[in-house]
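The following note sets out points for a colleague who wishes to examine the model at the level of residues. Please keep the sequence and the structure open while reading.

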There are 2 protein chains.
Amino acid sequence: MITREYLRESHSLIKPYIHDTPVLTSQYWDDRSGSQIFFKCDNFQKMGAFKMRGAAHAMLRLSDKERSRGVVTHSSGNFAQAVSLAARSLGLKAYIVMPENAPEVKKNAVRGYGGEIIEVESTAQAREAKADELVQQYGATFLHPSNDLNVIIGQGTAALELMDQIPDLDEIWAPVGGGGLLAGCGLMADRFSDGTQVIGVEPYEMDDAYRSLETGVIQIDQHGYTIADGLRTFLGDINFPIIQQHIDRIERVKEGEIIEAMRLVWERMKIIIEPSAAVPIARLLSHDEAIANKRIGIIISGGNVDLQNLPFKS
Amino acid sequence: MITREYLRESHSLIKPYIHDTPVLTSQYWDDRSGSQIFFKCDNFQKMGAFKMRGAAHAMLRLSDKERSRGVVTHSSGNFAQAVSLAARSLGLKAYIVMPENAPEVKKNAVRGYGGEIIEVESTAQAREAKADELVQQYGATFLHPSNDLNVIIGQGTAALELMDQIPDLDEIWAPVGGGGLLAGCGLMADRFSDGTQVIGVEPYEMDDAYRSLETGVIQIDQHGYTIADGLRTFLGDINFPIIQQHIDRIERVKEGEIIEAMRLVWERMKIIIEPSAAVPIARLLSHDEAIANKRIGIIISGGNVDLQNLPFKS
């Protein structure tokens, strides 16, 4: 049983290592949706994404002995940067397993935060084998980007902060990729709200979480291509039961809606969000009447984009 | 004599029509500069730029009779949108003289805010003649984008708010184009601070304000091309004496520094700023020791960019 006290302590533990990110509102989105929309801006989080929360929390829950041996993860995305920066902040060694064909810009970001990159072939087997090897070699602790209870709780602090900042939300919307953020939000809403519903949003092209909830079995097949690169991953056996228990439902959006939502946020709100962060916002473009007349919090998950490769077309 | 009371009243008058924009800080820029930098985010202002302040203020100081006859301006930039939106908010008619070759996206923005566009040839004579004609025809009041005392005071409320939010600033930096914002900031710092210096920053390629201060005569020749499109204009006889009296000095930055500063703000702060807004921030890239160990407020003047035409190169 994860108590409210434990969760509050989790937030207190990570606070010195994260930003208490602001909540923004927008007349445009309020008018368009007929609801009050509160954007929890973790694009302003350290290293540019909510992943910093889970990485820092997981490390802070390690024993001194574990900390002295460092941490290992495999990721080519925001979690790699989060583990690198959190490890540096806490004085730990971080081993980051990355595919050898990962973009140089992502490798440089990890190196910039002090992570040690170990390159492997671009297959799931290769990266898992290498991570296991590093765990064996250094006695380091493996941190999974989304299927780890302390990572999940850390990510959930985004929702906890949001509920502290904006009381009485009817709903909280978050993107679903590996499921860590969504599970964390569900857990926090269950423990700290009076009936706030948590809704996951994912691309139709990558609706494994939707199908997992429908079937009751984790789906690990991808049937399309989504621009939301942070969401190209599957649920895990630790976060799936939490999602089943605490998430109201999962909604899906189209690729064109994701790009349009991203463009509208850039143009109207003047803030930079990444494609994965645009996924829940894209739901505001639907004409679903269920969206109106509510107080809705949306987690903006990150703002790391490649400015040389933007999806906007004239 | 413009009293403190008049200026406070100006701010109170426009408050219902503008956003009280946030002040952001950034570890990156603090580390890089050795100073504490406070960014006054008027890119989050209504219609995306500080120009809303001056337009609203100038209209609010009109008599009922004047208001009933509407307002005229000539601009193809942010001031055209500001006058259109402020006029709609106050129930006035707005006539916007624009060059016939102005980008369709800018015309659409003006129409979207309810302004009536009158197209003319793309020459200074043509737009001034047409504006005069509209003033005669409708008895409308002409509002100059930068050389009008009530516009200047309105723009200055950005600095007044900033000083209310962040006390004891050593310096306030603002971009210089037509000089309205800079003059307004100088006036406010003179009336409401204990020695806060106001510094204008402009591109080397368009350093008419620098040369105007050096020579004591308004310079109206342009010798280069700047990406900071909002600054491609000259000082006027109303704002120049205020600038001479209340501005400490004008610093200049290079085109490459402007683009680099814009990119760094997008990447590190995750906020969208336009090239003109990057001009004072570009000064932080210099290695001038005069920048260190201070509390510096920087006015981020706007965030209106064409996402299909960004200056970032790989």
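**Notes on the predicted model**

1. In chain A, 24 residues of domain 1 are in contact with 15 residues of domain 2, contact meaning heavy atoms within 4.5 Å. Domain 1 of chain A covers 4-49 + 152-309 and domain 2 covers 52-142; these bounds come from an automatic or database domain assignment. The C-alpha centres of the two domains of chain A lie 24 Å apart.

2. Some conventions apply throughout. This is a predicted model, in which local features need pLDDT of at least 70 and side-chain atom pairs count only at pLDDT 80 or more, while totals for chains, interfaces and linings use all residues. Residues are numbered from 1 along each chain as its sequence is written, chains are lettered from A and ligands numbered from 1 in the order in which they are written, and side-chain values use heavy atoms, with hydrogens and water left out.

3. The size of an interface is often given as the accessible area lost when the parts come together. Between domain 1 of chain A and domain 2 of chain A, about 1,600 Å² is buried, 58% of it on carbon and sulfur atoms. Buried area is here the accessible area (1.4 Å probe) that two parts lose on being put together, summed over both.

4. How many salt bridges does the rule find across the interface of domain 1 of chain A and domain 2 of chain A? There are four, a salt bridge being a side-chain nitrogen of Lys or Arg within 4 Å of a carboxyl oxygen of Asp or Glu. Separately, the side chains of Asp229(A) and Lys106(A) form a salt bridge at 3.9 Å, N to O.

5. Eleven residue pairs, both at pLDDT 80 or more, are in polar contact across this domain interface of chain A. A polar contact is a pair of N or O atoms within 3.5 Å; within protein, one must be able to donate a hydrogen and the other to accept it, and residues adjacent in sequence count only if both atoms are side-chain atoms. On the side of domain 1 of chain A that touches domain 2 of chain A, α1 (4-14) and α8 (149-165) each supply at least two residues. The largest share of that side, six residues, comes from α8(A). Helices (H or I, at least four residues) and strands (E, at least two) are DSSP runs, numbered from the N terminus.

6. Ser193(A) is placed in the loop between α9 (180-192) and β8 (197-203) of chain A. A polar atom of the Ser193(A) side chain lies 2.7 Å from the backbone oxygen of Ala189(A), and one lies 3.0 Å from the backbone nitrogen of Thr196(A). Ser193(A) and Asp164(A) are 29 residues apart in sequence and 9.8 Å apart in space, C-alpha to C-alpha.

7. Chain A is superposed on chain B by a rotation of 180 degrees with 0.0 Å of shift along its axis (RMSD 0.0 Å). That is the relation of a two-fold axis. The superposition is by least squares on the C-alpha atoms of residues with pLDDT of at least 70 in both copies. Of the residues of chain A, Ile271(A) comes closest to the rotation axis, at 2.1 Å (C-alpha).

8. Between the chains, 18 residues of chain A are in contact with 18 residues of chain B. The buried area is about 1,500 Å², of which carbon and sulfur atoms give 68%. In chain A, Lys270(A), Leu307(A) and Gln308(A) lose the most area to chain B, together 42% of what that side buries. The count of salt bridges between chain A and chain B is zero.
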